[in-house]
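Hi there,

Here is the structure I promised to pass on to you. Have a look at it first, and then read my notes below.

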Amino acid sequence: MQRSFIARNPSVLLFPALLALFTLVVTVLSEGFGVGVISTSFVKTLGKTLCLCLVAVAMDLVWGFTGILSLGHFAFFGIGGYMIGMWLMYERTRLIVVQSLSQAEIPPTPTEVVDAIGNQIFGVVGSSEFPWIWGFADSLFLQLILVVLVPGLLALVFGWLAFRSRVAGVYLSILTQAMTLALALYLFQNDSGLRGNNGLSGLQNLPNVSAPQAVVSLWFFWGSAFALAIGYLLAAWLVSGKFGSVIRGIRDNEARVRFLGYSVEIYKLTIFTLTAMIAGIAGALYYPQAGIINPAEIAPIASIYLAVWVAIGGRGRLYGAVIGAAFVSLLSTWFTGGQAPDIPLGFYTIKLVDWWLVLLGLSFVGVTLFAPKGMGGLVDLWTARRTPNRHGADLGPDAGSLREQEAKQ
Amino acid sequence: MSALLEVSGVSVSFDGFRAINNLSFRIGAAEMRAVIGPNGAGKTTFMDVVTGKTRPDEGHVLWGEKSQSLLTMSEAKIAQAGVGRKFQKPTVFEDQTVEENLLMALRKPRGWFAVLAYRPSEHDLERVVELAKEIGLSDALTRKSGELSHGQKQWLEIGMLLAQEPRLLLVDEPAAGMTPAEREQTTAILVEAAKTRAVVVVEHDMEFVRRLNCKVTVLHEGAVLAEGSLDHVTSNQDVIDVYLGR
């Protein structure tokens, strides 16, 4: 009766296999490997796409499986990026400063080095002091811990306050939007300590690494693919067992789960915090490939895009989230990159660069109305996994005690 | 016999409307009780109070040998303490199989970490098969519960309640929408359950209550109007006036 984990979830084998194949093909065709069919910038685009797929898997866990429509998970993604960005920027600036100061006749004191770094980093916002949040920026190890710790803690505190007060549904969505907006607005300030709207830049240059970008881009591509594979397996394991039963139960009927004796709030908090951490890791892999992070990245709209990807890909199935994120974000790159040809109508020329968002919006509405299962629903067509045929709906007072067949006669 | 559940002087009002007015009720550890009353008599609100969904304005709800107050506990804690509830409409998790539904209800640690690490043991699976047999769903274990008929969903929910091994079962209109044969089996399951635990059945259908053959509490306008055997309460003039006579 109980089949093995893999038998119940065939995508657990299939997905990493396909991902490995994809990684291999891209690697062989990349500039870093010497063939050069795929440009370095496109390798970066693909690597970033994998990170977006990972955060989409997190979104699917929290929305598709637990039913919490969080419109704030891109904030956690951005925080992850900021955390790794602080170390990258600090360390690279330190190396430059140490090198230039070594030309001086008197060797610089440690304080002088730190001051010079501060001057370099914060000169752009008219300051030279290190804010306290940069306290651990000199340690890669500590910043890597902060990549998961800061999003996790923020999600824990926010989630605790929201779930404890039984805020749910659209009210929770609005609250998470408010959270991202507040965070973005705070980071836009010059005295927030993270260089205001300049953000952190030059993140693609790894300190102490002399390898060309063509090779570095591959490293990050591999790292992103690995993280996505692990994230996918973790998510598949989470939703497969009794824990998965409980969170899907919370999605479908919260009160019933509560009367079974499960503390719904704790479960929501667990999944909210965990997915925030996954989003943080995805962000930490994304922004070194993007090269720059600024507060505009965590604007509320970004989190809404995330929900759109998952909806278009198909909620409640992990591969759906991956397909949606990859498909829509790559398509978006293609359209906004100006590669899509303009459509002349004679009286008006449709520039797809401008009209892409309208297209995306319409397809979102279309998917919501006509294909609630999204692109993942296509998979059902050939696995013939169908929605339960909901017989036994309430027949009403007149025929209430009849069986369905009897009532129809 | 000491009471398992003792509700005393409980009042609940919603926006000035008194749904429950100074209600007192007690039930022993292994007892069947039917609660009847016209619509709006406060039957469902009474269950909401006991299960922690609604907080009363005044009164006490005491539980178990230690006379613990249920009023300060969360719904989940009350359920863990041994109060099981069946809703009026069958509420099972339609997207999941009968087996998953039952496994979720089995009496096991409810913390998230314990649940994450949980893998069903042989014994658990046997228990699920046993329960499925009891509720007549042996052949349906791997079916999605959304595919079941209305009556089967009702039974599945009763099965989930039994899997919880509660000490007090609150059952809201279990026979609604059932065929006569299904009613008979439901009666049998409930009577069997009442041998080892307390069962409170809210029901409209007098015929069904008669078959349960137990003490009856009549609610009216949020308070107890009469209590006793079915014959006793049906011969009570007040009861005839407000309920049966209509």
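**What I found**

Chain B holds ten helices and ten strands; these are DSSP runs, of at least four residues for helices (H or I) and at least two for strands (E), numbered from the N terminus. Please keep in mind that this is a predicted model, in which local features need pLDDT of at least 70, side-chain atom pairs count only at pLDDT 80 or more, and totals for chains, interfaces and linings use all residues. Residues are numbered from 1 along each chain as its sequence is written, while chains are lettered from A and ligands numbered from 1 in the order in which they are written.

**The overall build of chain B**

The C-alpha atoms of chain B fill a box of roughly 55 × 40 × 35 Å along the principal axes. The radius of gyration of chain B is 18 Å, which agrees with the value near 18 Å for a compact globule of 246 residues; this radius is taken over C-alpha atoms, and the globule rule is 2.2 Å times the number of residues to the power 0.38. Of the 246 residues in chain B, 46% are buried. Here a residue is buried if 20 or more other C-beta atoms lie within 10 Å of its own, exposed if 12 or fewer, and partly exposed in between, with C-beta atoms placed from the backbone.

**The sheet**

A reminder before you look at the strands: they pair through backbone hydrogen bonds, either parallel or antiparallel. In chain B, six strands form an open sheet in the order 6-7-8-3-9-10, with mixed pairing; two strands count as paired if DSSP finds at least two bridges between them. Strand 6 (83-86) and strand 10 (223-228) of chain B are the edge strands, each pairing on one side only. From one strand to the next, the twist averages 20 degrees.

Within this sheet, strand 3 (residues 32-36) and strand 9 (residues 215-220) of chain B pair in the parallel sense over four bridges. Which residue of strand 9 is the bridge partner of Ile36(B)? The partner is Val218(B). Helix 7 (residues 180-193) of chain B packs on the sheet, where it touches strand 3, strand 7 (168-172) and strand 8 (198-202) of chain B. The direction of helix 7 makes about 145 degrees with that of strand 8 of chain B; axes are lines fitted to C-alpha atoms, for helices over the stretch in contact, and angles run from 0 to 180 degrees between N-to-C directions. Contact means that the C-beta atoms of two residues, placed from the backbone, lie within 7 Å.

**A hairpin and its neighbour**

Strand 1 (residues 3-14) and strand 2 (residues 17-28) of chain B pair in the antiparallel sense over eight bridges. These two strands form a hairpin with two residues between them, and Asp15(B) in the turn has a positive phi of about 50 degrees. Strand 1 of chain B is also joined by five bridges to strand 4 (residues 58-63) of chain B, and these run antiparallel.

**Where the chains meet**

The contact takes 32 residues from chain A and 39 residues from chain B. On the side of chain A that touches chain B, the largest share, seven residues, comes from helix 9 of chain A.

Enjoy exploring!
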